[in-house]
Amino acid sequence: MKPPPSIVLGIESSCDEMAASVVRDGREIVSSVIHGQEEVHRPYGGVVPELASRDHVRAITRVVELALERAEITQAELTGIAVTAGPGLVGSLLVGLSFGKALAYRLGIPVVGVHHLQGHLIAAELSDPDLARPYVGLVVSGGHTALYRVHEEGEPSLLGETRDDAAGEAFDKVAKLLGLGFPGGPAVSKAALEGDPKAVDFPRPMAKRPGLGFSYSGLKTAVAVEVEGRSGLDALSEKDVADIAASFEAAATDILVLKARRALRDEGLAALAVVGGVAANRRLRGEMERAGKKHDFGVVFPPISLCTDNAAMIAAAGARLLAEGHADALDLNAFSRVPVGEAPWREGEASSAPAST
Ligand code: KG4
Ligand code: ZN
């Protein structure tokens, strides 16, 4: 007998986005609401954790209400609640978790904690039902830069990751160095449109080393040295800024293309999913697709609304967990750091995924 349809409410609040979404049967996004906090953090040039959690408290009720209204469903129709339990800012995570648990308790439905990166990876499958496992998943966000093998059953295992900064973090820091403001990724990318990507020959860190590790802190330093070498930010013309932005973007994306190709080759796979906030980058999308055509692999980039933080990916990942019989107790807690494939919040349940390092 076919199981009754699942209608899962997802809640995501791991960083500076408060998001809620209703997903039907783990696949169909019925609504997706995202409340950003750019205005809150812009004066500080980066996310201030305490301010992020306070804004989440103010926003969460309305964001969840809106997700239900837009989905045209009532709370009583929900069959489960999925909420990000980590990794992320603990204060931010706790807002979504407390709300999700309280609502699940009141409605008498299960709640399940979701790994934020598992959510990012599932965004690719949500956006392209033809994406067949196993495939290589590249997660590039503000907090993570890592390659995974996503196995037949859907669980990821780590192939390699950054040893220092994440790619998105490098975009954000370079934006600061170039006086481009916050949030940095889109600002650098916009400035780069007017620049020459070959103007400055920035290093491609870890390119020559074997393996699938990344390093972005040296690249950021190279940009700082370049700015200083031209007598500082105030001495830069608009063209200088555009050239440095474009050259940085070229170096940052070249590395991602090179390592993704290496992962595909090592794993003997021909399908790649690129997810996370940096997957919104136009140059990365273009270069990866070009490499795919040239070297014969398929590339899936979710639409931009599913690349950056959102709750549809959390609802979809949670729906899968609930369908597999996982649910969490009401003492479900937040974790700032969690290797992918692990769920330390799930009582006595060890990772169901192959060990990740
Ligand atoms: O996945 P996400 O929304 O949040 C995290 O889980 O970190 O990713 C945010 C990151 C930020 O560092 C932001 O600067 C970067 O993604 N980003 C971009 C672009 N849009 C967002 N980086 C490069 N180019 C973009 N167009
Ligand atoms: Zn994220």
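Biologist: How many residues surround ligand 1, and which are the closest?

Modeller: A residue is near a molecule if one of its heavy atoms lies within 4 Å of it. Here 17 residues surround ligand 1, and G142, D172, G185, G277 and N281 are the closest. Before we go on: this is a predicted model, where local features need pLDDT of at least 70, side-chain atom pairs count only at pLDDT 80 or more, and totals for chains, interfaces and linings use all residues. Residues are numbered from 1 along each chain as its sequence is written, chains are lettered from A and ligands numbered from 1 in the order in which they are written, and side-chain values use heavy atoms, leaving out hydrogens and water.

Biologist: Which side chains have a polar atom by an oxygen atom of ligand 1?

Modeller: Look for a polar contact, a pair of N or O atoms within 3.5 Å. The side chain of D172 has a polar atom 2.6 Å from a ligand 1 oxygen, and an N or O atom in the H120 side chain is 3.2 Å from an oxygen of ligand 1. N281 goes for a nitrogen atom of ligand 1 instead, at 3.0 Å. On its own, ligand 1 has 560 Å² of accessible area (Shrake-Rupley method, 1.4 Å probe), and the protein covers 86% of that.

Biologist: Which elements give two or more residues to that shell?

Modeller: Helices (H or I, at least four residues) and strands (E, at least two) are DSSP runs, numbered from the N terminus. In this shell, the elements giving two or more residues are α4 (116–127), α5 (167–177) and α6 (184–192). α5 gives the most, with 3 residues.

Biologist: Where does ligand 1 lie relative to domain 1 and domain 2?

Modeller: Domain bounds come from an automatic or database assignment. Ligand 1 lies between domain 1 (7–120 + 307–347) and domain 2 (132–301), because both give residues to its shell.

Biologist: Back to N281: is it buried or exposed?

Modeller: Buried means under 20% relative accessible area, exposed over 50%, and partly exposed in between (1.4 Å probe, protein chains only). N281 has 6% relative accessibility, so it counts as buried. You'll find N281 in the loop between β9 and α9, and its side chain also reaches the backbone nitrogen of L284 at 2.9 Å.

Biologist: What about V150?

Modeller: V150 is buried too, with a relative accessible area of 2%, and it lies in strand β7 (residues 145–150). From C-alpha to C-alpha, V150 and E65 are 34 Å apart in space, and they are 85 residues apart in sequence.

Conventions: A polar contact is a pair of N or O atoms within 3.5 Å; within protein, one must be able to donate a hydrogen and the other to accept it, and residues adjacent in sequence count only if both atoms are side-chain atoms.
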